[in-house]
Amino acid sequence: MTALSDRVPYVASIDRPKLALPNGKRVAVWIIVNVEEWRIERAMPRTVLSPPMGKPLLPDVPNWSWHEYGMRSGFWRQFKAITDRGLPATLALNANVCRSYTRVADAARDAGWEFMGHGFLQQPMHSLDDQSGEIARAVEVISNYWGKSPRSWESPGLTETEETLDCLRKNGIEYVADWVIDDLPQDIDTPHGTITTIPYSVEMNDIPVFALQNHPSVEFFNRGRDQFDRLFAESEDNVRVMAISIHPYITGVPHRIRYLEELLDYIAGYDTTVFMSASEIGDWYRAEMGRLSGRG
């Protein structure tokens with residue numbers, strides 16, 4: 001049986017073709033705001049408090065509320081930080097957010113953010129009996145709300161099975177953020193056409209920084225600055241893509257939001273940086289590869 005990883009052939013970063021961003025820019029940065037629906041009748045996808053006496057209980061009010069605070073308060077701090085600076089963003093959303101948190105979806109749509117599929121509800125792809133059907137349902141709900149079909153996708157928890165890529169491409173998805181393998185996009189073949197990875201990050205991501213590694217609040221700025229500085233230095237040889245992944249219940253809280261704001265200001269201070277959405281990065285990459293191959 002062919003391993004899923006065989007679909008992503010190894011390519012050393014130093015052997016990647018030399019690409020060019022528009023207007024002489026050197027680093028493309030995309031901001032991913034992950035908005036999810038956690039159903040209170042289910043076990044929580046992630047917890048901040050352990051259950052009393054070690055026995056899980058449902059409904060799990062404190063951990064559900066931890067996430068819910070993000071949707072009610074945290075999102076609006078992040079939204080202000082991004083829109084006050086005139087930056088584009090990508091909203092990775094569980095499709096049902098369009099129905100259950102319409103105020104959030106409205107704000108992102110009206111701000112011109114790209115809507116990226118992130119499942120229908122927050123649960124691993126492995127738990128779905130009919131992946132293609134669930135992806136189709138998510139795409140349909142987002143399309144009906146947003147007015148256009150989503151072209152990009154981030155699976156909940158970055159989870160995939162052997163069939164996920166094929167199901168995504170079958171349902172019109174062109175770009176996927178699950179494969180954290182490089183600082184540049186990479187094409188993957190499917191029976192329904194090419195799907196392209198968009199560089200994402202499991203470390204420039206507020207969940208590992210705070211919910212798993214338990215760093216102090218300033219770490220998000222420190223890590224983001226160090227990540228950007230090295231990518232900027234490397235971009236002298238070839239352009240780089242940097243992802244900043246945030247969740248309203250994590251960096252949207254009062255004691256962390258200033259460090260997200262400071263990081264955005266730091267990166268935006270470089271005139272060779274361009275902020276883009278997921279599909280803008282994907283379209284740019286495909287155009288560049290076409291130009292280099294003589295197709296463009």
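Guide: Let's start with a term: a salt bridge is a side-chain nitrogen of Lys or Arg within 4 Å of a carboxyl oxygen of Asp or Glu. A search of the whole structure finds 18 of them. Keep in mind that this is a predicted model, where local features need pLDDT of at least 70, side-chain atom pairs count only at pLDDT 80 or more, and totals for chains, interfaces and linings use all residues. Residues are numbered from 1 along each chain as its sequence is written, and side-chain values use heavy atoms, leaving out hydrogens and water.

Visitor: What makes Lys80 and Asp84 a salt bridge?
Guide: Their closest N and O atoms are 2.6 Å apart, and the rule asks for within 4 Å, so the pair qualifies.

Visitor: Why does the pair of Arg85 and Asp265 tie together parts of the chain?
Guide: These two side chains also meet in a salt bridge, at 2.6 Å from N to O. Arg85 lies in the loop between α1 and β2, while Asp265 belongs to helix α8, so the linked parts are 180 residues apart in sequence. Helices (H or I, at least four residues) and strands (E, at least two) are DSSP runs, numbered from the N terminus.

Visitor: Why is Glu174 called buried?
Guide: Buried means under 20% relative accessible area, exposed over 50%, and partly exposed in between (1.4 Å probe, protein chains only). Glu174 has 17%, so it counts as buried. Arg151, its salt-bridge partner at 2.7 Å, has 28% and is therefore partly exposed. Salt bridges that share partners join Arg151, Glu174, Asp283 and Arg286 into one network.

Visitor: How many aromatic pairs are there?
Guide: Rings of Phe, Tyr and Trp (its six-membered ring) pair if their centres lie within 6.5 Å; planes under 30 degrees apart count as stacked, over 60 as edge-to-face and the rest as tilted. That rule gives 19 aromatic pairs.

Visitor: Why do Trp38 and Tyr249 get their label?
Guide: Their ring centres are 5.2 Å apart and their planes meet at 70°, so the pair is edge-to-face. For Phe210 and Phe220, the centres are 6.2 Å apart and the planes at 35°, so that pair is tilted.
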